[in-house]
Amino acid sequence: MPEGVPPEGLQRRWRDLVDRRLPQAARARPEWPVRLDHCFARILLDNACGGPWRESVAAPAWANMPAERLAFAIDLGEAVLSAKADLDLLNRRSLVWRGKGGFKGRGRPAPAPGSLTGDGFLLRRWIRADDAPFAGLNADPEVMRFFPSTKDRGESLIEARSLDRRFEVDGFGPWAVAVPGEGFVGFVGAMRLIRPMPFAGGEAVGSIVEIGWRLARSAQGRGLATRAARLALDDLSGRCLVPAVVAFTAACNAPSRRVMERLDMAFSEEFLHPSLLAGDPLQPHVLYRLTMPEPSAARDRVSRDRAPGNHRS
Ligand SMILES: CC(C)(COP(=O)(O)OP(=O)(O)OC[C@H]1O[C@@H](n2cnc3c(N)ncnc32)[C@H](O)[C@@H]1OP(=O)(O)O)[C@@H](O)C(=O)NCCC(=O)NCCS
């Protein structure tokens with residue numbers, strides 16, 4: 001069996017879920033926007049892939065998709081069945097990615113600006129020229145030492161596209177970080193948490209916003225992640241009116257925890273990451289939470305920070 005192909009048991013669970021259990025459950029759920037097996041498959045696979053699934057996986061997806069991603073799609077389907085995921089929200093995300101509308105009137109996110117200017121860096125939407133340096137940092141074992149593995153070029157490309165697509169469906173997302181004279185050095189920004197997670201609120205798909213970061217080795221150790229995250233958070237509370245965020249990382253990831261502490265995030269709890277195996281040193285994770293300031297206070301803070309000679313590190 002080629003590496004990463006879903007084991008048969010997982011494939012069977014997927015087919016039973018979309019071919020039988022979801023269509024059957026739909027008979028008692030008139031409010032669900034879809035009832036057919038291929039519609040459930042589209043919605044779950046698109047959300048697990050962060051975009052139209054056919055752009056990153058050959059059909060049939062259940063046989064060709066990386067096992068970890070199929071497991072994510074199954075988790076999402078189980079969350080739909082147990083009313084922990086809003087099928088309508090997941091469907092609208094999928095339709096937006098496919099250029100078929102999705103959000104009408106209320107619920108449509110305010111479009112994100114093309115960029116936000118920080119002190120010595122720019123947060124901007126992703127461009128194709130980011131692909132090569134992003135693949136470089138994803139292939140660097142030092143950068144990826146708190147992840148299960150490095151990523152090859154293909155996986156890195158899929159990730160770049162799906163990170164930028166977050167802006168289309170949510171109005172915010174993980175910004176590409178560019179530094180004058182250095183270009184693209186990584187990403188910092190927020191994402192709606194779509195994978196069900198075992199912490200308070202995390203099981204309700206889409207209701208929690210997570211902030212995260214990943215920088216090339218050459219950009220680390222300069223306080224850049226913290227400064228970029230502050231700018232992203234100001235935009236998130238001021239423009240997007242997001243009231244709170246979480247951040248999580250492997251308990252042993254001291255640099256990432258330091259960023260969370262510098263952002264005045266409060267330690268909330270420890271949990272075991274559901275996609276890592278028992279005994280994996282990366283499985284124990286820590287969760288931090290931040291309640292955002294009132295939008296007007298956030299706006300005041302932005303103008304104060306942008307006043308000449310008033311830079312925070
Ligand atoms: C986590 C990360 C974004 C922090 O960004 P940063 O801009 O380097 O953060 P800072 O400069 O504020 O440094 C944070 C702390 O990490 C330490 N640090 C930074 N780079 C480091 C490195 N390469 N090795 C060891 N420690 C490092 C800093 O000394 C600082 O500790 P201190 O506050 O005790 O002095 C960055 O280290 C990174 O991209 N890591 C790899 C990807 C990753 O783990 N992402 C998080 C996944 S949840």
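Helices (H or I, at least four residues) and strands (E, at least two) are DSSP runs here, and their numbers start from the N terminus. With that in hand, you can find Leu241 in the loop between helix H8 (224–238) and strand E6 (244–250). Residues are numbered from 1 along each chain as its sequence is written. This is a predicted model: local features need pLDDT of at least 70, side-chain atom pairs count only at pLDDT 80 or more, and totals for chains, interfaces and linings use all residues.

Most residues other than glycine have a negative phi, and most peptide bonds are trans. Leu241 has a positive phi near 55 degrees. Leu241 is exposed, with 12 other C-beta atoms within 10 Å. The word has a cut-off: with C-beta atoms placed from the backbone, a residue is buried if 20 or more others lie within 10 Å of its own, exposed if 12 or fewer, and partly exposed in between. Asp264 also isn't a glycine, and its phi is positive at about 65 degrees. You'll find Asp264 in the loop between helix H9 (254–262) and strand E7 (266–272), and with 10 C-beta neighbours inside 10 Å it counts as exposed.

There's a cis peptide bond too: it joins Ala59 and Pro60, with omega about -5 degrees. Pro60 sits in the loop between H2 and helix H3 (61–64).

How many of the eleven residues of H5 are buried? Eight are, so H5 is largely enclosed by the rest of the structure. Among the buried ones are Leu87, Leu90, Arg93 and Trp97. Their cover includes H2, helix H4 (67–81) and H7. Just after H5 comes Gly99, with a positive phi of about 70 degrees.

Now for two of those neighbours. Axes are lines fitted to C-alpha atoms, for helices over the stretch in contact, and angles run from 0 to 180 degrees between N-to-C directions.

| Helix pair | Angle between axes | Axis distance |
|---|---|---|
| H5 (residues 87–97) and H7 (residues 153–170) | about 115 degrees | 9 Å |
| H2 (residues 37–49) and H5 | roughly 75 degrees | within 9 Å |

Angles under 35 degrees count as roughly parallel, over 145 as roughly antiparallel, 65 to 115 as roughly perpendicular and the rest as oblique. H5 and H7 are therefore roughly perpendicular, and so are H2 and H5.

Residues are in contact if their C-beta atoms, placed from the backbone, lie within 7 Å. On the H2 side, Arg42, Ile43, Asp46 and Asn47 meet a set of H5 residues including Leu87, Leu90, Arg93 and Trp97. With H7, the contact is made by Arg93, Val96 and Trp97 of H5 and by Arg165, Glu168 and Val169 of H7.

**The strands**

Two strands pair if DSSP finds at least two bridges between them. Strand E1 (residues 115–118) and E2 pair in the antiparallel sense over four bridges, with Thr117 partnering Leu122 of E2. E1 and E2 form a hairpin with two residues between them, and Gly120 in the turn has a positive phi of about 85 degrees. E2 also pairs with strand E3 (residues 174–179), again antiparallel, over three bridges. There, Leu123 has Val177 of E3 as its bridge partner.

Key:
Contact = placed C-beta atoms within 7 Å.
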